[in-house]
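Here's a quick tour of the aromatic rings in one structure. Have a look at the sequence and the fold, then read on.

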Amino acid sequence: MAKNRPIPQLNDFQNANILVIGDIMLDCYLWGKVERISPEAPVPIVHAQKKTYMLGGAGNVALNLSSLGCNCNIIALCGMDSAGSRVEKMLEENRISCHLLNDENRMTITKTRIMAIKQQLLRIDEEKKHVLSENEKESLLTRIKKTLPQYHSVILSDYGKGLLQTQGFTESVISLCRSQKIPVLVDPKGRDWERYNNATCVTPNSAELNLVAGEMESGDNSENPLEEEKLLVEISRKIRERYGLEWLLVTRGPKGMCLTGKDEKPFIVATQARQVYDVSGAGDTVISVLAAGLSIGLSFEDAALLANKAAGIVVGKVGTQPVTKDELELAINTNN
Ligand SMILES: Nc1ncnc2c1ncn2[C@@H]1O[C@H](COP(=O)(O)OP(=O)(O)OP(=O)(O)O)[C@@H](O)[C@H]1O
Ligand SMILES: [Mg+2]
C-alpha cells in the first residue's frame, strides 16, 4: 500500500454482507490424454480421466467473496437439471447462500472444456438466454427490497445471459439500492448501458469501455502513455455523465486500472510486475474485492488499490481461481 493510506483490516470481511445478482454458470473441465487420432474423422481422441467443476460467471464473484471471508448471497437463474443441483451444492459447500430461480424451461448454463495435458482442445457451451417473467420480476423485486437493508453492497454481475436484461429489472434494483444508500457495482456486458443508469460504479475493461464509447476515440491505444491516460480520463468522464454514474473503474489488463469519480482527480493504479499465468477471472476478482473493501469502510480509491492487488494475485494462478484472504493479507504485509 502506498504511504499515508490506511492498512485494510481484512478480518473485518467476516462482518461484510454482500448481495450478488447475475448470471451463474457451471464451468466443467474434462481432463484426459490424447493417444491417437480417430478412425472416424481427422480429430484426436481424448481418453477422459477425470472431470472437475468450478462456479463460473456470477458464481465466481460469489466464490471470491466467500474465500475472502465475506458473507455472500447470490440471486441467479438456473435450470432444474443436474448442472443446477451441482451449482447449488457447490454454493452450499462454499458457505454462499443463494436464491436460485429454477424453472423446467430453463437450463443451467454450462461451459465444458476438453483438456489434454493442460491444453484446451475444445469448449462446449450449453446455454440459452432467459429473462424473468413479469410475475417473477415483481416478486423478486419485492424480496430484494425487503432484504436489502442487511447488505453493505450489491454486485450486478452481467454476463449477458438475460437476468439483468429483463425489462426494467436492473434499473429497479439500482434505484432500490440508491434509495437505501447501498453501493451498487456493475460488471457490464455489451454496448447498451441504459440499464446501468445511476449505478454507483461500473467496472468495464478497456475493450468494454471502447464498445460503449462507440463513436468516441479509443482511450487505450495511444503510443504515448500520458496521452493515452488523458484520453481515457476524458472518455470516462463522458460515459459517467451520460449514464449518471458516480464512479467508473476501467480495468486495463497489464496496465492496471483507472478510477474516476464525480469531483475527484483520476486515480491511476499500475500493476506490479509479476508472472502471469491466466488472466481469466481477474475481472470477477476486481469487482468482488472492490465491493468487499467498500463494505468494510474503505474509500473507493483504497478499495480499488486492494482490488488491483487481488487481481495481481489471481492472474498468477492457473485457471480461474478465487483470491483468498490469507493471500491478500500476505501481499499487503510484504507490499507485493
Ligand atoms: N497481464 C497482467 N499483469 C498484471 N495484472 C493484470 C494482468 N492482466 C490483468 N491484470 C489485473 O487484473 C485486472 C483486471 O484485468 P482485465 O482488465 O483484463 O479484466 P477483464 O478483461 O474484465 O477480465 P476477465 O477476463 O476476468 O473478464 C487489471 O486491472 C489488473 O489489476
Ligand atoms: Mg470482465
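## A buried pair

Trp247 and Phe300 are both buried, meaning under 20% relative accessible area, with exposed being over 50% and partly exposed in between (1.4 Å probe, protein chains only). Keep in mind that this is a predicted model, where local features need pLDDT of at least 70, side-chain atom pairs count only at pLDDT 80 or more, and totals for chains, interfaces and linings use all residues. Residues are numbered from 1 along each chain as its sequence is written, chains are lettered from A and ligands numbered from 1 in the order in which they are written, and side-chain values use heavy atoms, leaving out hydrogens and water.

## Rings that pair up

Across the whole structure, a search turns up 4 aromatic pairs. Rings of Phe, Tyr and Trp (its six-membered ring) pair if their centres lie within 6.5 Å; planes under 30 degrees apart count as stacked, over 60 as edge-to-face and the rest as tilted.

Take Tyr29 and Trp31: their ring centres are 6.0 Å apart and their planes sit at 20°, so this pair is stacked. Tyr29 is buried at 13% relative accessible area, while Trp31, at 26%, is partly exposed. Elsewhere, Trp193, Tyr196 and Tyr243 form one aromatic cluster.

## Charges over rings

A charge sits over a ring if NZ of Lys or CZ of Arg is within 6 Å of the ring centre and within 35 degrees of the ring normal. Trp31 has the charged end of Lys50 over its ring, 5.8 Å from the centre. Over the face of Tyr53 you'll find Arg86, at 3.7 Å from the ring centre.
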